[in-house]
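Please examine the sequence and the model shown here before reading on.

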Amino acid sequence: MSVIEWLIQRCPGIIIGSEVMYGTSQRMVDLLALYEGCTYAIEIKSERDSTRRLSSQLSEYALIFDYTIVFAHSKHISKVISLSRSKVAVFEVSDDGIVLKIPLKKNRPVKREMAYSISTSFLKKYVSLGKDRCTSSDIRARLLRGYTKDAIRQMLYDFLEWRLTDRFNLYMKEWREKSYDDLSLLSAQLKLMPI
């Protein structure tokens, strides 16, 4: 059973995207899930994957998303557990199934990193531009001054829901009809370019 199928079965109403760009670093998370009003960064380490960059990835995810989860092949589980911080949930994936090794704990996202994970075109709904011609940095600076962390967190959730829902619904339709995972359908390819 795939990680996506496992999540869908256990979390009714979940929305999942693949290869979603985030933060000031403009990197991509393997999977991003939206569930019950929270964001989940999900890193998958298969048997052939390397854990070389995992520590920095987990640190970045904690700055943006509510929760961080790693699904790791049994080969990597001890390394992943040693690299993971206390707020990272770890699941071991083996031929026997998926087993929780470290439970889920909430991250403390940072306003700036969350703001840089939202496209400026979406942020224009919240920032009054007047007649000024503003850069994406100007828009985000106004956002950071004028909104609380909780408000920006909600904007991030709304943005991701807006961007991921249609692709996820298409994925679910294809998955039900053909019983296979077409991960390319989930790929949001969120471009966070300046305006």
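What percentage of the 195 residues of the protein count as buried? The share that counts as buried is 47%. The model discussed here is predicted.

## Overall architecture

The secondary structure of the protein comprises seven helices and six strands.

Contacts across the sequence may be considered next. Among the contacts in the protein with a separation of 6 or more, 58% are accounted for by residues 24 or more positions apart.

Six strands form an open sheet in the order 1-2-3-4-5-6, and their pairing is mixed. The edge strands are strand 1 (15–22) and strand 6 (97–102), each of which pairs on one side only. From one strand to the next, the twist averages 30°. In general, the strands of a sheet pair through backbone hydrogen bonds, in either a parallel or an antiparallel manner.

Strand 3 (residues 38–45) pairs with strand 4 (residues 67–73) in the parallel sense, over six bridges. Within strand 4, F71 is the bridge partner of I44. Six of the seven residues of strand 4 are buried, so this strand is largely enclosed by the rest of the structure.

Helix 2 (residues 54–62) lies across strand 1, strand 2 (27–35), strand 3, strand 4 and strand 5 (88–94). Helix 2 runs at about 175° to strand 3.

Where does E43 lie? E43 lies in strand 3. Its relative accessible area is 2%, which is under the 20% limit, so E43 counts as buried.

When residues up to four places away in sequence are not counted, E43 touches D30, L54, Q57, Y61, I69, V70 and F71.

## Aromatic pairs beside the sheet strands

How many aromatic pairs does the structure hold? It holds 13 aromatic pairs. One of them is formed by Y40 and Y67, which are stacked, with 4.9 Å centre to centre and 15° between the planes. This pair links distant parts of the chain, given that Y40 is in strand 3 and Y67 is in strand 4, 27 residues apart. Y40 is buried, with a relative accessible area of 12%, and Y67 also counts as buried, at 16% relative accessibility.

Y61 and F65 form an aromatic pair with another geometry. Their ring centres are 6.4 Å apart and their planes stand at 65°, so the pair is edge-to-face. Y61 counts as buried at 0% relative accessibility, and F65 is buried with a relative accessible area of 2%.

Which residues form one aromatic cluster? The cluster consists of F122, Y126, Y147, F159 and W162. F159 lies in helix 7 (residues 149–178). With a relative accessible area of 0%, F159 is buried.

F159 and F122 are 37 residues apart in sequence, while their C-alpha atoms are 7.0 Å apart in space.

## A charge over a ring, and a loop residue

The charged end of R140 sits over the ring of Y116, at 4.6 Å from the centre of that ring.

K124 is found in the loop between helix 5 (120–123) and helix 6 (136–146). Twelve residues separate K124 and S136 in sequence, and the distance between them in space is 9.5 Å, C-alpha to C-alpha.

Definitions and conventions: Residues are numbered from 1 along each chain as its sequence is written. This is a predicted model: local features need pLDDT of at least 70, side-chain atom pairs count only at pLDDT 80 or more; totals for chains, interfaces and linings use all residues. Side-chain values use heavy atoms; hydrogens and water are left out. Two strands pair if DSSP finds at least two bridges between them. Helices (H or I, at least four residues) and strands (E, at least two) are DSSP runs, numbered from the N terminus. Axes are lines fitted to C-alpha atoms, for helices over the stretch in contact, and angles run from 0 to 180 degrees between N-to-C directions. Contact means heavy atoms within 4.5 Å. Buried means under 20% relative accessible area, exposed over 50%, partly exposed in between (1.4 Å probe, protein chains only). Rings of Phe, Tyr and Trp (its six-membered ring) pair if their centres lie within 6.5 Å; planes under 30 degrees apart count as stacked, over 60 as edge-to-face and the rest as tilted. A charge sits over a ring if NZ of Lys or CZ of Arg is within 6 Å of the ring centre and within 35 degrees of the ring normal.
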